[in-house]
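Here's a quick briefing to read alongside the sequence and the coordinates. Have a look at the model, then go through the notes below.

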Amino acid sequence: LTAYSASFEITGLTPESSYQVYVRAKCSDDSQWSDPVTFTTIPSCTQPENLFAENATATSVELSWDETGTASTWDIYYGPYGNGYENFISNITSNPYTLNNLEPGTSYQFYVRASCGNEDYSYFTGSYTFNTECLPASIPLSENFDKTNLIPVCWKTNGINNYSVDL
């Protein structure tokens, strides 16, 4: 390619591909080629940003994100915290999106990617963590903390060794 100014736009490149460019001056005596400049083109389908969860109930939550490109469908991975790739939902056409059939009093995380058609997807964005609401406790109440080494979502700490639950 021949350029007649200090800048030149190269078109027709493939998204998410690496390229090397060499430059030299074209004078009466051709100069030496420069060292290569390496770059990678950006994806054609851009990632959503600013994941958010609100209006959580015991079994549902409203998920939202900012679309940074032109996508009108998205895919979501979600699952209990620490296992966010457990469930996959594809071809979502609404933003915000209401996720149902969740477990009460559970920490979840989710990821979103844009689907730009023709098998062109963005990278996943996330994770974003949210909690579902707790159901009222039944009396008598018993918790043996055998499911995880974490304090259950519905419990509150009142200090280093004390815990309480709202009834």
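N50 is found in strand β3, and its phi is near 55 degrees, a positive value in a residue other than glycine. Keep in mind that this is a predicted model. The rest of the notes go topic by topic.

- As background, most residues other than glycine have a negative phi, and most peptide bonds are trans.
- N50 counts as exposed because its relative accessibility is 52%, and the cut-off for exposed is over 50%.
- N91 has a positive phi too, near 60 degrees, and this residue lies in strand β6.
- With a relative accessible area of 54%, N91 is exposed.
- N95 and P96 are joined by a cis peptide bond, with omega at about 15 degrees; P96 sits in the loop between β6 (87-92) and β7.
- Going from G126 to S127, the peptide bond is cis, with omega near 15 degrees, and S127 is part of strand β9.

**Overall build**
- Of the 167 residues in the chain, 23% are buried.
- Take the contacts with a separation of 6 or more: 51% of them come from residues 24 or more positions apart.
- The chain's accessible surface is about 11,700 Å², and carbon and sulfur atoms account for 48% of that.

**The disulfide**
- You'll find 1 disulfide in the structure: C45 pairs with C116, with the sulfur atoms 2.0 Å apart.
- C45 lies in the loop between β2 (37-40) and β3 (49-54), while C116 lies in the loop between β8 and β9 (125-131), so the pair ties together parts that are 71 residues apart in sequence.
- The torsion about the S-S bond is about 75 degrees, which means the disulfide is right-handed.
- As for cover, C45 is buried, at a relative accessible area of 1%, whereas C116 is partly exposed, at 31%.

**The salt bridge**
- Searching the whole structure turns up 1 salt bridge.
- The partners are D75 and R113, whose closest N and O atoms are 2.9 Å apart.
- This pair links distant parts of the chain, with D75 in strand β5 (residues 73-80) and R113 in strand β8, 38 residues apart.
- Both D75 and R113 are buried.

- T106 sits in the loop between β7 (97-99) and β8 (107-115).
- Is T106 buried or exposed? T106 is buried, because its relative accessible area is 18% and the cut-off for buried is under 20%.
- A polar atom of the T106 side chain lies 3.2 Å from the backbone oxygen of E103.
- The T106 side chain also reaches the backbone oxygen of P104, at 3.1 Å.
- Leaving aside residues up to four places away in sequence, T106 touches F130, N131, T132 and V153.

**A nonpolar patch**
- F8, I10 and L13 make a nonpolar surface patch of about 240 Å².
- F8 belongs to the segment before β1 (18-21).
- F8 is partly exposed, with a relative accessible area of 46%.

Terms used:
Residues numbered from 1 in each chain as written. Predicted model: local features only at pLDDT ≥ 70, side-chain atom pairs only at ≥ 80, totals over all residues. Heavy atoms only, no water. Helix = DSSP H or I, 4+ residues; strand = E, 2+ residues; numbered from the N terminus. Buried < 20%, exposed > 50% of the residue type's maximum accessible area, 1.4 Å probe, protein only. Polar contact = N/O pair within 3.5 Å; in protein donor to acceptor, adjacent residues only side chain to side chain. Contact = heavy atoms within 4.5 Å. Areas by Shrake-Rupley, 256 points an atom, 1.4 Å probe, with all protein chains shown as cover. Disulfide = S-S within 2.5 Å. Patch = residues over 30% accessible without salt bridge, like charges linked within 9 Å, V, L, I, M, F, W, Y side chains within 5 Å. Salt bridge = Lys/Arg side-chain N within 4 Å of Asp/Glu carboxyl O.
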